[in-house]
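Here are my notes for you, point by point. Have the model open beside you as you read.

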There are 2 protein chains.
Amino acid sequence: MTSKPIRHADASEQSLLRIFTVPEDASSTLSIIEQKLSEDLAGFLGNSIAALEKPLSEIETDFQAFQIPSMPRFVSDYTDEIMQNLVAHSVHTSAPSFIGHMTSALPYFVLPLSKMMVGLNQNLVKIETSKAFTPLERQVLGMMHHLIYNQNDHFYQQWMHSANHSLGAFCSGGTVANITALWIARNRVLKADGDFKGVGREGMLKALRHYGYDDLAILVSERGHYSLGKSADLLSIGRDNIISIATDANNKVDVAAMRQAAQKLAKNNIKVMAIVGVAGTTETGNIDPLTELAQLAQELDCHFHVDAAWGGASLLSNKYRHLLTGIELADSVTIDAHKQMYVPMGAGMVLFKDPELAHTIAHHAEYILRVGSKDLGSQTLEGSRPGMAMLVHACLQIIGREGYEILINNSLEKARYFADLIEQHQEFELVTYPELCLLTYRYVPQSVQLKLNQAIADNQVELVTKINGLLDGLTQFIQKHQREQGKSFVSRTRIRPAKYQRQPTTVFRVVLANPLTSHEILAEVLNEQAQIAQLDSEYYPLLIEL
Amino acid sequence: MTSKPIRHADASEQSLLRIFTVPEDASSTLSIIEQKLSEDLAGFLGNSIAALEKPLSEIETDFQAFQIPSMPRFVSDYTDEIMQNLVAHSVHTSAPSFIGHMTSALPYFVLPLSKMMVGLNQNLVKIETSKAFTPLERQVLGMMHHLIYNQNDHFYQQWMHSANHSLGAFCSGGTVANITALWIARNRVLKADGDFKGVGREGMLKALRHYGYDDLAILVSERGHYSLGKSADLLSIGRDNIISIATDANNKVDVAAMRQAAQKLAKNNIKVMAIVGVAGTTETGNIDPLTELAQLAQELDCHFHVDAAWGGASLLSNKYRHLLTGIELADSVTIDAHKQMYVPMGAGMVLFKDPELAHTIAHHAEYILRVGSKDLGSQTLEGSRPGMAMLVHACLQIIGREGYEILINNSLEKARYFADLIEQHQEFELVTYPELCLLTYRYVPQSVQLKLNQAIADNQVELVTKINGLLDGLTQFIQKHQREQGKSFVSRTRIRPAKYQRQPTTVFRVVLANPLTSHEILAEVLNEQAQIAQLDSEYYPLLIEL
């Protein structure tokens with residue numbers, strides 16, 4: 001063997017390599033910011049994020065360049081710039097008064113652990129680039145499986161680390177988890193059979209022809225998450241074949257109506273491939289009657305999936321897990337750890353009752369995922385993935401069941417407290433009572449409440465519609481104005497309350513997941529809303545003059 | 001309004017809340033580890049990760065518990081434990097001698113920035129939880145779009161921040177990017193038409209019936225990534241309808257063979273919905289003739305997607321971007337920033353030539369993604385997503401075109417250097433010459449090379465097969481043993497070289513993406529392999545005795 005002389009790197013290359021070899025100096029801008037963040041995250045966010053909202057169109061002016069800059073930049077210059085342009089105009093999702101979405105304050109320890117995860121830069125698709133992270137992820141899935149299905153020791157000893165089995169799949173989020181579950185459901189109902197090699201190999205047309213179905217359908221409550229429609233689109237089932245079933249006054253699916261819908265589909269030779277139970281709904285937090293749905297799924301011989309992306313964390317509370325009774329009958333369950341399990345964004349999971357369930361989507365490749373390997377990538381929708389399971393593992397160990405018991409119980413009880421507060425307030429109307437930690441309500445001046453109730457009693461449909469229309473405008477105004485003031489944030493949505501003949505009605509939507517949200521803050525949110533209402537010059541005067 | 005007395009938190013709740021409010025002390029175990037990691041990442045990883053490989057079955061014994069622990073744990077205890085059980089047995093993917101997969105050393109600044117990203121915990125699905133991160137992500141997509149398509153100022157001013165348009169979609173990785181591209185392709189070819197509402201609404205059966213096709217197909221090189229098969233399964237096209245086209249001696253797809261395949265499909269009334277060009281292949285790093293493929297896609301009136309998950313970063317090199325000529329003709333392009341763009345795991349992208357391309361998969365929901373909003377979630381496969389685009393943004397700005405020019409050029413030239421080293425070494429055989437920074441080779445004792453070449457010249461098929469069979473075993477032995485010794489790592493795969501009558505042949509696979517991999521390391525990898533060969537007691541003696 002002859003060897004070439006080693007080429008010496010030139011000056012610019014040397015300075016470039018420094019970003020890979022020389023750490024940020026402790027006195028650098030980025031290090032100082034990191035230090036502040038480590039010492040007082042809430043303070044850092046509070047000081048760095050601008051209180052007053054800047055219009056998106058103005059923010060966009062800082063992100064107009066479309067050419068990758070030619071010259072390298074100093075890290076400190078870049079850091080200064082994003083502190084002003086990006087961080088200052090990001091959203092303080094962990095503020096105790098940010099109660100509009102499912103983000104919360106995070107435990108401090110996830111910050112250094114996240115940094116460690118990034119530094120380790122494992123790729124979970126295969127053992128060669130993840131090693132111990134593979135059994136760790138399998139353990140996390142095993143623990144979540146046990147939380148739902150509570151199988152015996154032997155079960156977990158046998159399957160948790162088995163090469164050709166999986167108790168679940170770790171995903172970037174609940175949407176991928178739901179897609180994975182319905183993908184499996186579809187491939188099971190149209191599985192290989194005789195000469196037919198299965199829908200995964202031969203596609204939908206041949207599959208339906210082989211089985212003699214005219215189409216597939218999925219049954220779910222009208223409150224199902226929009227990711228289910230996306231799944232039906234992606235999986236070629238068609239969004240129109242998501243059969244949306246009416247809910248009762250408590251936003252729980254009407255199982256009798258679902259059974260009727262199934263009968264009608266059967267008459268039309270359309271095979272129900274899955275029933276999806278919702279636990280809890282994204283907009284109101286209610287939980288479908290899971291045991292009855294499981295029974296119906298059995299009658300129809302179809303897959304039963306539970307979308308507990310949001311509500312699944314409540315299984316961690318011994319006091320409230322009964323709310324999800326029946327979930328253990330599901331073939332698959334979606335849970336997002338980045339919601340009420342206090343893990344940073346990017347940690348979804350789908351759990352499988354039967355460790356062989358994912359066989360129907362297994363795939364292999366020569367350079368990785370060889371048959372018989374324990375590579376996690378052979379049974380996941382995603383390919384290369386980071387080691388996020390480590391953060392779920394950390395939260396499960398450090399917070400523990402006892403810690404989660406307190407967090408979940410407080411969260412649910414805080415929602416009940418807020419519901420009471422709203423009901424006791426003369427100018428607010430509770431629209432949906434919280435079953436988990438989510439509720440909806442709206443601001444209705446007292447005089448308007450009286451008129452509205454009278455109009456309902458008198459069955460004056462036109463007047464009811466008129467008042468609700470004005471209230472919709474007012475709710476929008478309050479929500480937007482409150483967000484812009486930057487002190488607190490609730491979200492809004494449109495639901496169809498039974499009380500208002502299921503007319504679409506705009507409501508405030510509140511999620512009480514943040515353990516730092518105090519009773520005082522909740523009272524203040526209402527006070528602020530009542531004050532803002534009077535600033536509205538469009539709907540408020542018309543309502544008062546009614 | 002009456003107010004309830006505020007319930008005082010009890011002691012265990014107070015201590016629990018501390019994890020959300022009180023930072024890790026600077027003298028804590030986790031803080032000390034973080035400090036080490038910040039000061040010397042390579043040193044930290046080198047010292048923390050065990051040099052010798054522990055069998056997976058032993059590692060698994062530390063991850064057997066399947067019950068979520070009941071009691072909370074101290075962060076320091078947990079940290080001690082994972083340093084021993086997890087970190088020690090993770091993979092040193094950033095080691096300069098880890099040249100088997102597409103991971104590399106990372107620039108230092110991504111560590112504190114990742115921590116900032118986690119602390120901000122934005123959710124990119126909607127503006128309400130991401131604000132300035134939304135235009136930032138759009139800008140990153142705009143810059144990558146410009147890198148590929150190089151449109152004029154007006155184009156980017158008009159579309160980059162337009163609510164109902166998108167220049168691409170940010171994804172957790174290349175697999176989701178490829179799925180997204182093919183989802184769009186499928187929905188375009190089976191789009192709404194007259195009374196037919198499109199495949200996304202009505203499903204595959206009705207769509208094929210409406211358009212009168214007997215099936216759909218996707219044409220791609222036999223070297224296409226396994227995520228394409230997964231996409232075909234997921235999208236109900238069927239894995240068998242991925243028509244695998246032979247490659248030439250340089251692993252580039254044979255366009256004439258592809259045209260013939262398309263003609264045959266047309267005769268059978270099967271519509272080609274997409275051609276996928278590979279740039280470069282996962283196993284050998286070669287790039288398909290993209291301009292010719294674009295021409296064929298035009299003839300067939302079908303979508304042209306380029307999977308440049310790996311090779312796309314080479315567009316950042318003015319010297320080598322000509323290798324990807326024709327990519328600008330693609331309707332969609334996949335690029336992974338977590339490969340040769342030096343961003344941590346979890347940053348894939350798909351770019352769309354036409355800003356209206358994603359309309360066909362757009363979806364909306366009441367509580368978010370309202371029609372006309374700029375929420376990114378309305379045109380992505382995933383739902384809630386972290387602000388990973390920030391790290392791509394940082395790398396683009398801090399490294400800049402000039403920096404990437406050096407990194408990419410060095411990477412490609414290092415691969416050429418290594419190829420020369422292999423060719424000059426009497427005991428190694430280069431199997432595929434690097435076009436990008438990826439090559440394959442194997443160890444073949446000199447005496448065996450002579451016999452093998454003679455056997456090929458004499459057309460002694462049986463002997464060639466026998467020798468290659470023994471060499472496969474030896475390659476496996478060397479690769480496994482080298483990995484276990486923990487000093488360096490190359491991967492292995494099976495390809496079908498033209499030289500060996502396209503018989504599956506096991507080869508070492510090397511990816512030279514890490515800027516810290518030196519020429520000395522490369523020489524040492526070969527030396528170590530030559531030494532390991534002689535330790536083999538199964539294949540090596542039989543080869544020598546031939």
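1. Let me begin with the cysteines. The sulfur of C171(A) lies 15 Å from the closest cysteine sulfur, in C171(B), which is too far for a bond. A disulfide is here a pair of cysteine sulfur atoms within 2.5 Å, and a search of the whole structure finds zero of them over all chains. C171(A) is buried, at a relative accessible area of 3%, and C302(B) also counts as buried, at 10%. Buried stands for under 20% relative accessible area, exposed for over 50%, and partly exposed for anything in between, with a 1.4 Å probe and protein chains only.

2. A word on the basis of these notes. This is a predicted model, in which local features need pLDDT of at least 70 and side-chain atom pairs count only at pLDDT 80 or more, while totals for chains, interfaces and linings use all residues; side-chain values use heavy atoms, leaving out hydrogens and water. Residues are numbered from 1 along each chain as its sequence is written, and chains are lettered from A and ligands numbered from 1 in the order in which they are written.

3. The largest nonpolar core has 295 residues, and F109(A), Y441(A), F109(B) and Y441(B) touch the most other members. A second, separate core of 74 residues includes A177(A), I179(A), M273(A) and L190(B). A nonpolar core means a set of buried Ala, Val, Leu, Ile, Met, Phe, Trp, Tyr and Cys residues joined through side-chain atoms within 4.5 Å.

4. Have a look at α16 (residues 446–457) and α17 (residues 461–485) of chain A: their axes come within 9 Å and cross at roughly 150 degrees. Helices are DSSP runs (H or I, at least four residues), as strands are (E, at least two), numbered from the N terminus. Axes are lines fitted to C-alpha atoms, for helices over the stretch in contact, with angles from 0 to 180 degrees between N-to-C directions. V448(A), K451(A), L452(A), A455(A) and I456(A) of α16(A) make the contact with L463(A), V464(A), I467(A), N468(A) and L471(A) of α17(A); contact means heavy atoms within 4.5 Å.

5. In chain B, the axes of α16 (residues 446–457) and α17 (residues 461–485) come within 9 Å, crossing at roughly 150 degrees. Here V448(B), K451(B), L452(B), A455(B) and I456(B) meet L463(B), V464(B), I467(B), N468(B) and L471(B).

6. On α5 (residues 75–85) of chain B, the buried residues are V75(B), Y78(B), T79(B), I82(B), M83(B) and N85(B). They pack against α6 (110–120) and α15 (389–424) of chain A, and against α2 (29–39), α3 (41–48) and α4 (56–60) of chain B. On α3 (residues 41–48) of chain A, L41(A), G43(A), F44(A), L45(A) and S48(A) are buried, and their partners include α6 (110–120) of chain B.

7. Finally, some backbone details to check. A cis peptide bond joins A279(A) and G280(A), with omega about -10 degrees, and G280(A) lies in the loop between β4 (270–278) and α14 (290–300) of chain A. The bond from A279(B) to G280(B) is cis too, with omega near -15 degrees. N150(A), not a glycine, has a positive phi of about 50 degrees; N150(A) is exposed, with a relative accessible area of 55%. N269(A) also has a positive phi, near 60 degrees, and counts as partly exposed at 30% relative accessibility.
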